[in-house]
Amino acid sequence: SASLLGGLKALRYLLHRMDRPALYRDRLRTLDGLIDGLHRFLRNAYDKDAGYFRTGGMYHGIDRTFKWTEAQGNFAVDCQSWVATALGSDLIDSWHGEGTTLRLWETTGSAGYARQSNGMVKGVGYSLN
């Protein structure tokens, strides 16, 4: 979702820069709708109790409901770093409170970084290390 959001934002930026509003009006309106939908999805993906974004969920076709995967124990570095990059700290903090992005970064560091005995980062995992 974060990669798609980044690509849609980039396309929207380029279409705006072409300075031909009449030609791209409908496409820009469609892009805005897609971006808004991804924003809603990613806003709901944040688990305040866990302090990070959930990794996904399950859609049930019979009753057309979506249930998030439990956040605790399902941590992925890229679900934090890519989402934070695509959304930006201002937007995340406006949704979930000032300092949320900083705490997210600290949580990502403590959960996803492999450290040497001297505290230096040895590497970044994709999940809990």
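## Loop residues with positive phi

R64 lies in the loop between strand 3 and strand 4 (65-68); helices (H or I, at least four residues) and strands (E, at least two) are DSSP runs, numbered from the N terminus. The model is predicted, so local features need pLDDT of at least 70 and side-chain atom pairs count only at pLDDT 80 or more, while totals for chains, interfaces and linings use all residues. Residues are numbered from 1 along each chain as its sequence is written, and side-chain values use heavy atoms, with hydrogens and water left out.

Although R64 is a residue other than glycine, its phi is positive, near 55 degrees. R64 counts as exposed because its relative accessibility is 68%; buried means under 20% relative accessible area, exposed over 50%, and partly exposed in between (1.4 Å probe, protein chains only).

D19, also not a glycine, has a positive phi of about 55 degrees. D19 is placed in the loop between helix 1 (2-17) and helix 2 (21-45). With 63% relative accessibility, D19 counts as exposed.

T101 belongs to helix 5 (residues 100-112). T101 counts as buried because its relative accessibility is 15%. Leaving aside residues up to four places away in sequence, T101 touches S89, I92 and D93, where contact means heavy atoms within 4.5 Å.

## Position of Y59

Strand 3 (residues 57-60) contains Y59.
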